[in-house]
Amino acid sequence: MTVQIELNNIDKHYGIFHALKGVSLAIEKGSFVALVGPSGCGKSTLLRSIAGLESITSGSLRIAGETMTGVPPRKRDVAMVFQSYALYPHMTVEENLTYSLRLHGVRKPEAKARAAEVAATTGLSALLHRYPRELSGGQRQRVAMGRAIIRNPKAFLFDEPLSNLDAALRVHMRKEIRALHDRLGATSVYVTHDQVEAMTMADHVVVMRDGCIEQQGAPLELYDRPVSRFVAGFIGSPAMNFIDAVVAEDGRTAVLQNTDGGTVPLPSRLEPGRSIVVGLRPEHLRVVEHQGTFQITVGAIESTGSTTFISSADDLITLVQADRTSIAAGDRVSLAIPEIHVHVFDPETGLRL
Ligand SMILES: Nc1ncnc2c1ncn2[C@@H]1O[C@H](COP(=O)(O)OP(=O)(O)OP(=O)(O)O)[C@@H](O)[C@H]1O
Ligand SMILES: [Mg+2]
């Protein structure tokens, strides 16, 4: 495997504000990497640093093996795709596509031929003579993609490119972008605050928090073994339930301290009496007919037709089931969860135990 983008111990200060704190990351050639995290954690700053739109305070950045210190954005040979598309309104689709080639001295006939190729790849062939205002949101997004592709860059950098689109189109464009990435054999770095987008599109997900990388790995690795309560709460939808608990005498059971009490089994032995936080994913909790290990009073039931969401009256527990239910608000129900699905965190540090 070849590393296409290599970040080594990168720091970025905006005046006294420390936006990136010692970020190291190796992005493999041909991979699709998603950067996720809450607003303000430094995703755009990291992406813009790769593009050269921000100067890094310290650390080193290499693209395709070359050190980028002092290399201006236009010489880095990377293409950015933004949420706002940034199309030129007074230019046709074809002119938007060929603009950067013309700027780099490519002759008109060659630029037009290249635009035709890219238009075919992105499904824009019939729209080359339209202006951006005459296009739908999805079509504009494709022009923005096309404009990035046409230069055959060393990497694509996406900053929340789909957040202006409605839900259905967003799901469609996700697939389109990923398919395009595969077809081109591209290297892509994709910023999103939508963890579902990250999980479904990327080979490798990087979770950021306060200017640091909290965890990185394959999507399901992050889902199965989050290193901290922060990652556990961020990855997965609806979010994981967290309940304060104390380890029982046997060391293998957690006694729940809030909700309505009860216990859950622990995946490994812990010191009796120790305070912990247990994490239970909504999709792993089951309503059982027999005596479960803990009970809740049902608060709300929401059904989307395919899925039923049940939440406890104290709002501490949410669970999801695929089938419909006859359970109603006010009912007492018994719950169970297999021990392999119980996550345990330190209440102080938030780290996985
Ligand atoms: N030019 C700037 N000057 C000072 N602070 C800045 C500047 N640009 C960004 N910041 C700060 O750096 C932090 C990281 O910003 P960044 O734009 O990278 O966040 P983000 O993760 O992309 O968030 P969002 O999801 O809201 O886009 C924020 O706290 C922001 O206020
Ligand atoms: Mg941002």
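Colleague: How many bridges join strand β16 (residues 294–303) to β19?

Modeller: Four bridges join them, and β16 and β19 run antiparallel. Strands here are DSSP runs of E with at least two residues, helices are runs of H or I with at least four, both numbered from the N terminus, and two strands pair if DSSP finds at least two bridges between them. Before we go on, keep in mind that this is a predicted model, in which local features need pLDDT of at least 70 and side-chain atom pairs count only at pLDDT 80 or more, while totals for chains, interfaces and linings use all residues. Residues are numbered from 1 along each chain as its sequence is written, chains are lettered from A and ligands numbered from 1 in the order in which they are written, and side-chain values use heavy atoms, with hydrogens and water left out.

Colleague: Which residue stands opposite isoleucine 296 in β19?

Modeller: Isoleucine 296 faces valine 333 of β19. Strand β19 also has an antiparallel partner in strand β15 (residues 286–288), joined to it by three bridges, and there valine 287 stands opposite leucine 335.

Colleague: How many of the five residues of strand β19 are buried?

Modeller: Four of the five residues of β19 (residues 332–336) are buried, so this strand is largely enclosed by the rest of the structure. Buried means under 20% relative accessible area, exposed over 50%, and partly exposed in between, with a 1.4 Å probe and protein chains only.

Colleague: What is the order of the strands in the open sheet?

Modeller: Five strands with antiparallel pairing follow the order β13-β12-β11-β14-β20. The edge strands, β13 (263–265) and β20 (342–345), each pair on one side only.

Colleague: Which strand forms a hairpin with β1?

Modeller: That strand is β2, with two residues between it and β1, and glycine 15 in the turn has a positive phi of about 60°. Strand β1 (residues 3–14) and strand β2 (residues 17–28) pair in the antiparallel sense over eight bridges, and leucine 7 stands opposite leucine 25 in β2. Strand β1 also pairs with strand β4 (residues 58–63), again in the antiparallel sense, over five bridges, where leucine 7 has leucine 61 as its bridge partner.

Colleague: How many residues has the largest nonpolar core?

Modeller: In soluble globular proteins, nonpolar side chains tend to be buried together. A nonpolar core is a set of buried Ala, Val, Leu, Ile, Met, Phe, Trp, Tyr and Cys residues joined through side-chain atoms within 4.5 Å. The largest one here has 45 residues, and those with the most contacts inside it are Leu97, Ile177, Val207 and Ile235. Helix α4 (residues 137–149) gives the most to this core, with five residues. A second, separate core of 25 residues includes Leu7, Ile63, Met68 and Val191.

Colleague: Which residues does leucine 97 touch?

Modeller: Leaving out residues up to four places away in sequence, leucine 97 touches Ala115, Val118, Leu128, Val143, Gly146, Arg147 and Ile150, where contact means heavy atoms within 4.5 Å. Leu97 is one of the buried residues of helix α2 (residues 93–103), and what covers those buried residues includes α3 (108–122) and α4.

Colleague: At what angle do α4 and α5 pack?

Modeller: Two packed helices are described by the angle between their axes and the distance between the axes. The axes are lines fitted to C-alpha atoms, for helices over the stretch in contact, and angles run from 0 to 180 degrees between N-to-C directions. Helix α4 and helix α5 (residues 167–184) pack at about 20°, with their axes 11 Å apart. They are therefore roughly parallel to each other, given that angles under 35 degrees count as roughly parallel, over 145 as roughly antiparallel, 65 to 115 as roughly perpendicular and the rest as oblique.

Colleague: At what angle do the axes of α3 and α4 cross?

Modeller: They cross at roughly 130° and come within 10 Å. That makes α3 oblique to α4. Here Arg114, Val118 and Thr122 in α3 meet Arg142, Gly146 and Ile149 in α4.
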